[in-house]
Amino acid sequence: MKKIIVAIDGYSSSGKSTMARELAKRIGYVYVDSGAMYRAVTLYAIEHGMTADGKVDREALVAALPEIRISFTPAGSDGVQHTHLNGRDVETEIRDMQVSSLVSPVAEIPEVRERLVKMQQEFGESKGIVMDGRDIGTTVFPDAEMKVFVDASAEERARRRLKEMQEKGMDVTYEEVLDNIRQRDHIDTTRAVSPLRKAADAHVLDNDKMTHQQQMEWLLNLYNTIVNE
């Protein structure tokens with residue numbers, strides 16, 4: 001069976017990472033969380049004093065990019081693929097609200113996107129990968145054989161994100177999460193470089209009222225149709 005590249009794009013907290021991770025596991029592909037890469041860069045900026053009052057010191061961060069190394073380790077007993085920043089496991093740190101509130105401003109910096117897009121494209125040189133993000137099907141892998149655009153209402157996405165954060169013991173309100181999601185949507189869809197948009201040949205998955213099982217069945221059916229063409 002031929003190997004392909006699966007590109008899954010969509011709005012913040014639409015569930016794309018969860019489905020991408022499980023799809024990769026079911027079909028024996030490598031999973032790459034591009035969003036985690038931008039979060040890792042954001043964490044680096046925070047830890048190195050490059051952020052203040054909701055803004056990012058662009059010049060300082062761009063100058064530091066050669067020092068930033070991002071890697072992933074396979075899922076362990078917790079079932080989660082962990083993100084490493086310069087050799088340190090930062091999977092928990094990159095998911096908190098401080099990082100979430102700054103990741104979109106970091107991601108819209110052209111030099112950051114250029115550096116990470118190059119890294120992402122290297123992951124896909126041998127195909128057989130599933131990658132999710134904002135611009136995977138439009139910028140990173142415009143020729144990907146399978147493109148999916150995931151959509152859901154901001155309210156439903158906020159409910160999902162709140163549940164996930166509360167399960168990790170984070171103290172946050174629904175209103176805070178919803179506001180953060182709406183802000184990220186605006187930044188992601190209006191930025192000048194690689195804005196979030198549906199690729200012309202992407203298949204739309206509106207999962208607002210779908211169960212996880214229904215989503216996976218939809219994805220697997222689409223994958224099997226494409227690889228058997």
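Leaving out residues up to four places away in sequence, R161 touches S13, R39, R95, S100, V177 and I181, where contact means heavy atoms within 4.5 Å. The model is predicted, so local features need pLDDT of at least 70 and side-chain atom pairs count only at pLDDT 80 or more, while totals for chains, interfaces and linings use all residues. Residues are numbered from 1 along each chain as its sequence is written, and side-chain values use heavy atoms, with hydrogens and water left out.

R161 is found in helix α7. Helices (H or I, at least four residues) and strands (E, at least two) are DSSP runs, numbered from the N terminus. R161 is buried, with a relative accessible area of 9%; buried means under 20% relative accessible area, exposed over 50%, and partly exposed in between, with a 1.4 Å probe and protein chains only. The C-alpha atom of R161 is separated by 31 Å from that of A64, 97 residues apart along the chain.

S13, one of the contacts of R161, lies in the loop between β1 and α1. S13 has a positive phi of about 60° although it is not a glycine. Another non-glycine residue with a positive phi is S194, at a value near 45°. S194 sits in the loop between α8 and β10 (203-206) and is buried, with a relative accessible area of 16%.

Neighbours within four places in sequence aside, Q215 is in contact with M19, N207 and M210.

The next topic is the nonpolar interior. In soluble globular proteins, nonpolar side chains tend to be buried together. A nonpolar core is a set of buried Ala, Val, Leu, Ile, Met, Phe, Trp, Tyr and Cys residues joined through side-chain atoms within 4.5 Å. The largest such core has 39 residues, of which V41, L61, I68, I70, V112, L116 and F141 touch the most other members. At least two residues of this core come from each of β1 (5-10), α2, α3 (58-64), β5 (70-73), α4, α5 (110-123), β8 and α6 (136-140). Helix α2 gives the most, with nine residues. A second, separate core of 22 residues includes L23, V130, M216 and V227.

Beyond four places in sequence, I70 touches M37, A40, V41, T83, H84, L116 and M119. In helix α6 is I136, which counts as buried at 0% relative accessibility. With residues up to four places away not counted, I136 touches A7, I8, D9, S34, Q120, M131, F141 and P142. The C-alpha atoms of I136 and V148, twelve residues apart along the chain, are separated by 9.7 Å.

P74, in the loop between β5 and β6 (82-85), is exposed, with a relative accessible area of 68%. Apart from neighbours within four places in sequence, P74 is in contact with V80 and Q81.

Finally, the overall fold. The secondary structure comes to nine helices and ten strands. The C-alpha trace spans about 50 × 40 × 35 Å along its principal axes. With 229 residues, a compact globule would have a radius of gyration near 17 Å, and the protein's 17 Å agrees; the radius is taken over C-alpha atoms, and the globule rule is 2.2 Å times the number of residues to the power 0.38. Buried residues make up 50% of the 229. Among contacts between residues at least 6 apart in sequence, 73% join residues at least 24 apart.
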